[in-house]
Amino acid sequence: MCVRIVDIDGKNTFLIIGNECLTNGKDGETMADIFEKELKGDVTCVSFPGTSLSSRYPHGPEIKDGEPAEDFFTFYWLTIYIHFLDFDSLNGYLEYIEDDSLRAVYKENLDKLAGVDYENLDYLVICYDGHDYLLGRDGFYEENNQDITTLYGSLYGSFGNLKDDYPNLQWIIASPYFCMYTDETGAQSPCDLTIVSKETLPNMMNYIINFSLDCDASYIDNYFGSGISAENADEERAERQREVELVGDERDEEADAEERQQERFAVTVLRDGLQ
C-alpha cells in the first residue's frame, strides 16, 4: 500500500516511533538516518530498544524482580504520556533501566519526544519489529478487544489516547518483517511456521491490518514485500555469508539481512510511497 502525503501548510512533519529496528543499520547509517534523509519534511525519529507495541500488564507497568523496566516505554504507554504531555514522569522511570548505555539512549529519545510540536504534527509513523510475537503476546481477545496486552488492543487504545487531541493526525503503521524465533534450547525456527503464543507472526499481522481498517490508519507491508520467508531464509543467510567471506565483514549475517530489509522499507516504501 502506498500512502499519499498531502502538503497543506508547505511543510510536512513526521514523528516516527519504534524500537531497535530504527537504530540498526550498516555502514554507519541507521534506518532513522534514512528516514530523515529521504522523507520530505521535518522528521523526528524516536527509538526505545527492547520495547513492544503492547503492554506486559493490563493496568499499567510494574516493577518486578527479574523483569525488564522497558514496559514503561512501550508504544501504548508513550501515547498516554503524549496525551498528557507529561514527559517528566517518563523521565522519572529512567532510574529503573539498569543498563547505563540503554538508559542514555532512552533519555536522548525522551528529550526528542518532548520536543515535538504535536499541534502541528502531520504524520505519526509506527515502526516496530516482531517483539510482540517473540514475547508471546496475543493478537486479539474476543471478549475484550481493547485489552492493551494484545497487539490489536494496544494499537486501538493508543489511537484512542490521541484521536481527540489531534484529530487531523494521520496514522501510518508498518508491519514487522521476517524474523526467527529462538526457543529455550537455542534452536531457531521461522516466524511464519512457529506459533509462540497462539499465532504465527503473519497471522498476528492480520490484527494490525484490522486496526488500520477500524481506525482509518494507513498500513504498509514490510513482511511479504521483503521476499524473505521460511522457504528461503536459509538461502538468504547463506548468501549473506558468501558476501561476508568476500568482503571480510564480521558482522552477524542474520542481523545484516534484517538491516537490508529495513533499508528497503525506508527507501522503497516510504520514500516512493509518501509523495
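1. Start with Ser54. In this predicted model, Ser54 sits in the loop that links β4 (42-47) to α2 (75-84). Is Ser54 buried or exposed? Ser54 has a relative accessible area of 0%. That makes Ser54 buried, because buried means under 20%.

2. Next, the surroundings of Ser54. Its side chain makes a polar contact with the side chain of Asp132, at 2.5 Å. Leaving aside residues up to four places away in sequence, Ser54 touches Asp71, Thr74, Asp132, Arg137, Ile148, Thr149, Thr150, Leu151 and Ser154.

3. Five strands form an open sheet in the order β4-β1-β5-β6-β9, and the pairing is parallel. β4 and β9 (218-220) are the edge strands. Each has a single partner strand, so one side of each lacks a neighbour in the sheet. On average, neighbouring strands are turned by 20 degrees against each other, direction ignored.

4. β1 (residues 13-18) pairs with β4 in the parallel sense, over six bridges. Where does Thr13 find its bridge partner in β4? The partner is Asp42.

5. Helix α1 (residues 31-38) packs on the sheet. Helix α1 touches β1, β4 and β5 (123-127). The direction of α1 makes about 170 degrees with that of β4.

6. Helix α6 (residues 151-162) lies across β5 and β6 (170-174). Helix α6 runs at about 160 degrees to β6.

Definitions and conventions. Residues are numbered from 1 along each chain as its sequence is written. This is a predicted model: local features need pLDDT of at least 70, side-chain atom pairs count only at pLDDT 80 or more; totals for chains, interfaces and linings use all residues. Side-chain values use heavy atoms; hydrogens and water are left out. Helices (H or I, at least four residues) and strands (E, at least two) are DSSP runs, numbered from the N terminus. Buried means under 20% relative accessible area, exposed over 50%, partly exposed in between (1.4 Å probe, protein chains only). A polar contact is a pair of N or O atoms within 3.5 Å; within protein, one must be able to donate a hydrogen and the other to accept it, and residues adjacent in sequence count only if both atoms are side-chain atoms. Contact means heavy atoms within 4.5 Å. Two strands pair if DSSP finds at least two bridges between them. Axes are lines fitted to C-alpha atoms, for helices over the stretch in contact, and angles run from 0 to 180 degrees between N-to-C directions.
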